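Hi everyone, thanks for coming. Please have a look at the model on the screen, and then I'll walk you through it.

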Amino acid sequence: MKQTCLEKKPLTEKIKLAETDDGAILFRVPFPKNLKDLHDMSPIIIKQPYHIDYIHSFGQDSPFFAGLANGKLLGTKCSKCGYTYGTPKGHCMNCGTRCNWIELPLTGRVHTFTVCQFGSEEFLKETPFVLALIEWDKVDTLFLTRLVGVDAANPSLDWVGMKVRAQFKRNAKFKPTDVYFVPEK
Amino acid sequence: MAKQKNGRRDVYFISGGISKFAKARPDVTFQPMVKEAYDYALKDIGLDNRQAREVFDGSVASYFSDHFQRQLMSGIMVQDYLGLCPLPGHRVEAGGATGGVCFQEAYKNIASGVMDTCVAYGFETMSHVNTWKGNEFIALASDVSFDYPVGGFYSGYYAMMVVRHMQEFGTTVEQLARVSVKNHINAFHNKYAQKRRKLTIADVRNSDMVAWPLTLLDICVMSDGAAACVLASEEGVERIRKATGKSPKLVKVTGVGRGTDAMRMADRPHADVILLPHEKKSDYKGLKYPGVHSFRAGRTASKLAYEHAGINNPIKDIDFVELHDAYTSSEIQTYEDMGLCKYGEGGAFVESGAPFMPNINYGLGKLPRQGEIPVNPSGGLIACGHPVGATGLMQAVFALWQLQGSIKKHLGDNTIQVKDAKRGAIHSHAGTGTYVTVSILEKN
């Protein structure tokens, strides 16, 4: 079973017990008779939970996510200068013209990658995972994705240039991770 | 009144202060932490707090994240705590370059004639959340539609850049480790630094792998800290001189430059190199630029700052650099952006010893070009820590002290004083290279 984030081994070279950020509930603290002694008081540290659900619209980029849900990987192409985006842009960064939607090839190459042994709290339970930027011929920009089916314990520069194929999740979550790439056999 | 040919007034940097950077400062909230840096800067020019409000025309506040504190408008809380109300002020935000932008906004206040004296102060308190939540906050500085949900993690983003740098140019992990060794050992002589350690290349490579090929010791840490800078016009300097009866040691800001690039690394172009005056198009035949291995924003900022300061060949014309080494890899990438060496030669540059201090034994054997242009004599972000809003200002303060020749006075140790330093560059960098500032400072 995967470890939860707070059980994840601490990033330290010293041997020590893993720290967690839960603590005792404090109701009273000692108080000195002389107010001058308050300058020496230890700080009182409390925990303030903060949870929010954001209502995030993908806006003009929404067709990309609809595409993933239907097994299509979409990019955009400038209707004027032809600059082609591997990650969709609504308007061209070169000439400002509105871009049209295009289907990207489902096979591409690894432009670069990394193996994340640690990560942000939200993704810590998924470590180790491989991030990669995908490139295509005749597409001017790249696409960030997860690369699966490689040996995360033995990363190698040889992975750069590897031919990879897009696969789609059966149940779309309407996130960019609805598509991921695997080595092309 | 001294006016430069582009219509700007001369701007002097006269004083600075830094709080001791630490993993956590639960003993104070952020306002008194900034006051530590601010009071130090005042004391250094002999001003007391009451005089300060009379001689200062206003301020600029620098902090990156509202998330870390769960407090909006922290800037005004510092302004009132420092006793600077009701003077003009505003907050700036530009990710990791917030401090660098803050310094330049204070510069602009003076150069434009809007103010004669201006305080730039900055801080960050990153200890309020655990490291992994902190990484999550920082990763929100990537596109939340396309980048963050894939596994948002800045160390991962930088690792992808250096993998491409290694592939393109043959850069090695041992070359990266040399940056870590240099910066940690430099910081051994800097009492303000968070991590002061004598390391070896083996220590760096054997520490925890965070995002291949970057280890724990290739990456800066989160910090609580603050810094403050005082800038003035000639009239402002005269006003301070009258108030204190003392003449501050002046450093002149002779160049400012800034650049930007697309938020998403995926969107970066693969086109031609932006050339510096000492480079030729033929130097970069076949190189697709910036791709994800180089920073177009850093190159643009350098080019503008060098043009402003009249610098033709940075390695000859600059005596030291304090640059934004959030990662050992980004220090190597930045050598190239700043033109200290050509694109692709950053690894060999650090191996040559050029960016090391000339007088320190790093345990790396003979370094043929040791001390040619010390980079991050302070220890940089990797060793000093990176309390984001304070970082760019901290670099400015260390550069000021270098040019004043006052490192010993402020650090109690002369080891990292660059001898006869006349001109220094400071470089502040955001995101995956989205906003970058370069400022040139000169001994007056």
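Let me begin with a question: how many salt bridges does a search of the whole structure find over all chains? The search gives 33, where a salt bridge is a side-chain nitrogen of Lys or Arg within 4 Å of a carboxyl oxygen of Asp or Glu. Side chains of opposite charge can pair when their charged atoms come close.

A word on the ground rules. This is a predicted model, in which local features need pLDDT of at least 70, side-chain atom pairs count only at pLDDT 80 or more, and totals for chains, interfaces and linings use all residues. Residues are numbered from 1 along each chain as its sequence is written, chains are lettered from A and ligands numbered from 1 in the order in which they are written, and side-chain values use heavy atoms, with hydrogens and water left out.

Now some of those salt bridges in chain B. Arg25(B) pairs with Glu36(B), with the closest N and O atoms 2.6 Å apart. Arg25(B) sits in the loop between strand S1 (12-18) and helix H1 (30-44) of chain B, while Glu36(B) is in helix H1 of chain B, so the pair ties together parts that are 11 residues apart in sequence. Helices and strands here are DSSP runs, numbered from the N terminus: H or I with at least four residues for helices, E with at least two for strands. Arg25(B) is buried, at 13% relative accessible area, whereas Glu36(B) is partly exposed at 34%. For these words, buried means under 20% relative accessible area, exposed over 50%, and partly exposed in between, using a 1.4 Å probe and protein chains only.

The next pair is Arg264(B) and Asp143(B), whose closest N and O atoms are 3.1 Å apart. Arg264(B) is in the loop between strand S8 (251-260) and strand S9 (270-271) of chain B, and Asp143(B) is in the loop between helix H5 (131-139) and helix H6 (148-151) of chain B, so this bridge ties together parts that are 121 residues apart in sequence. Arg264(B) counts as buried, with 5% relative accessibility.

Then there is Glu372(B) with Arg369(B), at 2.8 Å between the closest N and O atoms. Glu372(B) is partly exposed at 39% relative accessible area, and Arg369(B) is partly exposed at 32%. Elsewhere, shared partners join Arg9(B), Asp57(B), Asp116(B), Glu235(B) and Arg239(B) into one network of salt bridges.

Let's stay in chain B for one more arginine. Where is Arg268(B) placed? Look in the loop between S8 and S9 of chain B. Arg268(B) is buried, at 2% relative accessibility. A polar atom of the Arg268(B) side chain lies 2.8 Å from the backbone oxygen of Ala262(B).

Helix H4 (residues 98-111) of chain B has 14 residues and should span 20 Å at 1.5 Å a residue; its end C-alpha atoms are 19 Å apart, which agrees. That expected span is 1.5 Å times one less than the number of residues. In H4(B), 13 of the 14 residues are buried. After H4(B) comes Gly113(B), with a positive phi near 85 degrees. As for H8(B), 14 of its 15 residues are buried, so it is largely enclosed by the rest of the structure.

Finally, the interface. Here 53 residues of chain A are in contact with 44 residues of chain B, contact meaning heavy atoms within 4.5 Å. The area buried between chain A and chain B is about 4300 Å², with carbon and sulfur atoms giving 64%; buried area is the accessible area (1.4 Å probe) that two parts lose on being put together, summed over both.

How many salt bridges are counted between chain A and chain B? There are two. Glu121(A) and Lys133(B) meet in a salt bridge at 3.3 Å, N to O. The rule also finds 22 residue pairs in polar contact across the interface of chain A and chain B, both at pLDDT 80 or more. On the side of chain A that touches chain B, the largest share, six residues, comes from S4(A).

Definitions and conventions
Polar contact = N/O pair within 3.5 Å; in protein donor to acceptor, adjacent residues only side chain to side chain.
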